[in-house]
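Have the sequence and the 3D structure open as you read.

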Amino acid sequence: MKNLSISTFVLLVLLLAAASLEARLQSCNPSGKIRGINPPPGQCNRENNSDCCKVGKLYTTYKCSPPISGSTKAVLTINSFQKGGDGGGPSECDNKYHSDDTPVVALSTGWYSGGSRCLNNIKISGNGKSVVAMVVDECDSTMGCDEDHDYQPPCPNNIVDASKAVWEALGVSEDNWGNLDITWSDA
């Protein structure tokens with residue numbers, strides 16, 4: 001009887017651990033779609049080869065991002081946080097613009113987490129190097145193709161949108177700026 005109780009206990013612990021792991025590994029599912037509109041002339045900033053919405057195209061939206069670990073996989077993109085840059089208006093965290101020479105980032109909506117990471121640092125690793133950057137904005141995964149989002153599509157759910165300073169610190173040649181597989185963690 002004693003062995004049965006221990007066996008039952010071990011089985012219960014294993015089942016709970018498996019259920020917990022499964023919950024953590026669940027993917028982030030799309031939350032909807034946005035239909036693209038044609039931006040008014042000169043209203044979509046193409047700096048850094050930014051995409052402009054295409055009329056009629058459906059863009060996937062997300063309210064979540066993949067689960068965060070000690071080394072979360074993401075895609076690094078490039079953004080200008082300066083006034084007049086392709087980032088649009090001032091950063092959400094502090095309502096300010098930031099120099100391209102400062103290592104700052106915007107995170108996809110789920111990782112931005114309603115601003116809970118605002119003005120905190122994250123560590124970004126890629127291209128064999130690492131850099132610490134401050135979170136100053138959200139890369140909106142829920143909305144896009146409108147004036148508030150510079151007529152750009154919604155951000156994918158796995159983006160760390162970085163200033164030029166981050167790309168330079170990672171030693172990526174300017175010809176290759178745009179998309180880079182990275183990992184990141186809270187610093």
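Cys 28 has a relative accessibility of 13%, so this cysteine counts as buried. The cut-off for buried is under 20%. The model is predicted. Cys 28 is joined by a disulfide to Cys 64.

**The overall count**
- The chain has five disulfides.
- Each one is a covalent bond between the sulfur atoms of two cysteines.
- With bonded cysteines counted along the chain, the pattern is 1-5, 2-3, 4-9, 6-7, 8-10.

**Cys 28 and Cys 64**
- The S to S distance in this disulfide is 1.8 Å.
- The torsion about the S-S bond is about 95°, so the link between Cys 28 and Cys 64 is right-handed.
- Cys 28 sits in the loop between α1 (2-25) and β1 (32-35). Cys 64 sits in the loop between β2 (58-61) and β3 (72-78).
- The pair therefore ties together parts that lie 36 residues apart in sequence.

**Cys 53 and Cys 145**
- A disulfide also joins Cys 53 to Cys 145, with an S to S distance of 2.0 Å.
- Here the torsion about the S-S bond is about -90°, so this disulfide is left-handed.
- Cys 53 belongs to the loop between β1 and β2. Cys 145 belongs to the loop between β6 (129-139) and β7 (159-162).
- Because of these positions, the pair ties together parts that are 92 residues apart in sequence.
- Cys 53 is buried, with a relative accessible area of 4%.
- Cys 145 counts as buried too, at 5% relative accessibility.

**Cys 139 and Cys 155**
- Cys 139 is joined to Cys 155 by a disulfide with an S to S distance of 2.1 Å.
- The link of Cys 139 and Cys 155 is right-handed, with 95° about the S-S bond.
- Cys 139 lies in strand β6, and Cys 155 lies in the loop between β6 and β7, so the pair ties together parts that are 16 residues apart in sequence.
- Cys 139 and Cys 155 are both buried.

**Points to check in the view**

Technical notes. Residues are numbered from 1 along each chain as its sequence is written. This is a predicted model: local features need pLDDT of at least 70, side-chain atom pairs count only at pLDDT 80 or more; totals for chains, interfaces and linings use all residues. Side-chain values use heavy atoms; hydrogens and water are left out. A disulfide is a pair of cysteine sulfur atoms within 2.5 Å. Helices (H or I, at least four residues) and strands (E, at least two) are DSSP runs, numbered from the N terminus. Buried means under 20% relative accessible area, exposed over 50%, partly exposed in between (1.4 Å probe, protein chains only).
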